[in-house]
Amino acid sequence: MASDPQHALSFGTEAAAYERGRPGYPDDAVEWLLGRAATDDGALPDVVDLGAGTGKFTASLLGRAASVTAVEPDAQMRARLEQALPGVVALPGTAEAIPLGEDSADVVTVAQAWHWVDVAAASREVARILRPGGVLALVWNIRDDSADWVARLGEIMGSSAAEQFDSVTPPLGEPLTRDAYAEFHWTSTLDHDQLLALVTSRSYVIALGEAERHALLERIEGLLRTHPQLAGRSHYELPYRTRVTLARVF
């Protein structure tokens, strides 16, 4: 599934940290993208969530879709999803090899994962399983570094693959064409352990040696102790921008 398989499939070793520290997704973003799916009779859509991970975005789809199928290549991440969301069908697979037949979905979602895929192959596969009028939704949560402490956090952590990627105009392959874009601003509340888990669940942090990882976390702890917007707090308000790009087969 990945342009960098080592990093893309590293998350399973920190599946618990990923589940604890990564944010969910704002309701208005989920409702906006699902509202643009075309179904024959206006019924709720059938949704396939690719690169579903531990089910962070998958959970947002429940109750808003007729059916939700999760596809995730990492067995440890998939096990977490199945434990958290026992009613969801979770399948091993990738965006380039989706284990479903043609015309299987009204909506295909990819949250925090399109930057890992082979765009040309994944675009063909998504188009294959989409029904006529169906939509691909590419979703990213990006930290809003207009807040000084968030900018400082980013300087210490370094940038992730998602943050280096063009999440405003993400690349698409034939036969998919960009159809719409929207951005949603919201805030995630994290306690101390959740904020550290946000850091340790990053693919590039997972790949660090023990000494480097320890030094990084010491710098994070120093920021939490001394920054005027953070010192003395037990919970932190982390602002996000959620970017959603929709694509269709025209």
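This briefing describes a strand arrangement and a pocket in one structure. The structure is a predicted model, in which local features need pLDDT of at least 70 and side-chain atom pairs count only at pLDDT 80 or more, while totals for chains, interfaces and linings use all residues. Residues are numbered from 1 along each chain as its sequence is written, and side-chain values use heavy atoms, with hydrogens and water left out.

**The sheet**

- Seven strands form an open sheet with mixed pairing, in the order β3-β2-β1-β4-β5-β7-β6, where strands are DSSP runs (E, at least two residues) numbered from the N terminus and two of them pair if DSSP finds at least two bridges between them.
- The edge strands, each pairing on one side only, are β3 (89-91) and β6 (176-191).
- β6 and β7 pair in the antiparallel sense over 15 bridges, and Trp186 stands opposite Tyr240 in β7.

**The second largest pocket**

- About 190 Å³ of space lies in the second largest pocket, a pocket being an open set of points on a 1 Å grid over the protein atoms alone, where a 1.4 Å probe fits, with protein on both sides within 12 Å along at least five of seven lines; the volume is the space filled by probe spheres set on the points, which are joined across faces, edges and corners.
- Of the 13 residues that line this pocket (those with an atom within 4 Å of a point), Ile142, Arg143, Asp145, Glu163 and Arg241 are the closest to its centre.
- Two or more lining residues come from each of β5 (130-143), α7 (148-157), α8 (161-164) and β7 (235-249), the helices being DSSP runs (H or I) of at least four residues.
- α7 gives the most to this lining, with three residues.
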